[in-house]
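Please examine the sequence and the model shown below.

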Amino acid sequence: MEQWLKDDERLDYLLAEELRIIQSPSVFSFSLDAVLLARFTYVPIKKGKIVDLCTGNGAIPLFLSARSKSEIIGIELQERLSDMAIRSTKYNQLTDQIRIIQDNVIGIAGKLGSEKYDVVTCNPPYFPAHEASEKNLKEHLAIARHEIHLTLEEAVQSASELLKQGGKAAFVHRPGRLLDIVTAMRANRLEPKRIRFVYPKKGKEANTLLIEGIKDGKPDLKILPPLYVYEDDGKYTDEIKEMLYGDK
């Protein structure tokens with residue numbers, strides 16, 4: 001086991017998918033947002049090409065591999081995070097399906113090929129770059145969470161450049177950026193088609209936004225039923241439990 005791990009890393013279970021993932025409390029661990037996005041997005045079951053932008057330690061490609069036989073490429077700027085993703089892919093014997101590339105999301109279509117992909121997912125940095133200096137964050141976390149190297153608009157543009165006409169892009173973000181993300185999507189030929197708001201529990205404000213658009217799609221937006229994370233007693237709702245643990 002030790003040969004797979006470095007420093008303070010640990011090997012966590014993805015219970016619903018029966019996979020393992022390398023994580024680090026000081027470098028990077030995926031959040032519930034990655035689970036939500038992976039379950040929300042459309043994926044072709046048998047054949048297709050998927051790109052996950054800002055892949056971090058590769059959680060979304062691993063989640064999607066349990067739902068699709070498609071080729072999946074994860075793009076991650078930070079070498080330390082992409083290294084974790086590569087080792088997780090190897091540990092799970094998924095190198096024939098998942099390829100992790102350490103590179104900048106900006107301009108990635110020029111390297112991977114423009115308008116070749118069926119689905120693009122992206123869990124981008126949420127917070128403006130100027131807020132990073134106000135937080136005592138380690139560099140890996142600051143880059144993952146703040147728009148230091150990648151803005152929302154740049155992430156949306158890269159997703160559009162990768163997608164075929166009719167391809168789908170799915171993002172997870174904060175509800176406060178709803179108008180920003182819709183504006184950026186429409187400016188880049190991505191027509192929003194599905195939105196779902198995620199709430200900590202009933203009676204609380206939404207704190208997460210899931211949105212999917214189709215490249216050159218016709219305007220027709222569906223607002224899906226709300227998703228609640230916790231019951232009043234603090235336990236996960238049945239829908240979240242199924243996402244995390246499967247039908248077990």
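Two strands are taken to pair if DSSP finds at least two bridges between them. Strands (E, at least two residues) and helices (H or I, at least four) are DSSP runs, numbered from the N terminus. The model is predicted, so local features need pLDDT of at least 70 and side-chain atom pairs count only at pLDDT 80 or more, whereas totals for chains, interfaces and linings use all residues. Residues are numbered from 1 along each chain as its sequence is written, and side-chain values use heavy atoms, with hydrogens and water left out.

Strand S9 (residues 208–215) has a partner in strand S8 (residues 190–199), to which eight antiparallel bridges join it; here Glu 191 stands opposite Ile 214. S9 also pairs with strand S7 (residues 163–173), again in the antiparallel sense, over six bridges, and His 173 stands opposite Leu 209.

Buried means under 20% relative accessible area, exposed over 50%, and partly exposed in between (1.4 Å probe, protein chains only). Because eight of the eight residues of S9 are buried, the strand is largely enclosed by the rest of the structure. In a regular strand the side chains alternate between the two faces of the sheet. Thr 208, Leu 210, Glu 212 and Ile 214 point one way from S9, while Leu 209, Ile 211, Gly 213 and Lys 215 point the other way.

A nonpolar core is a set of buried Ala, Val, Leu, Ile, Met, Phe, Trp, Tyr and Cys residues joined through side-chain atoms within 4.5 Å. The largest has 31 residues, and Leu 210 and Ile 240 are among those with the most contacts inside it. Helix H1 (32–40) is one of the elements that give two or more residues to this core, and its six residues are the largest share.
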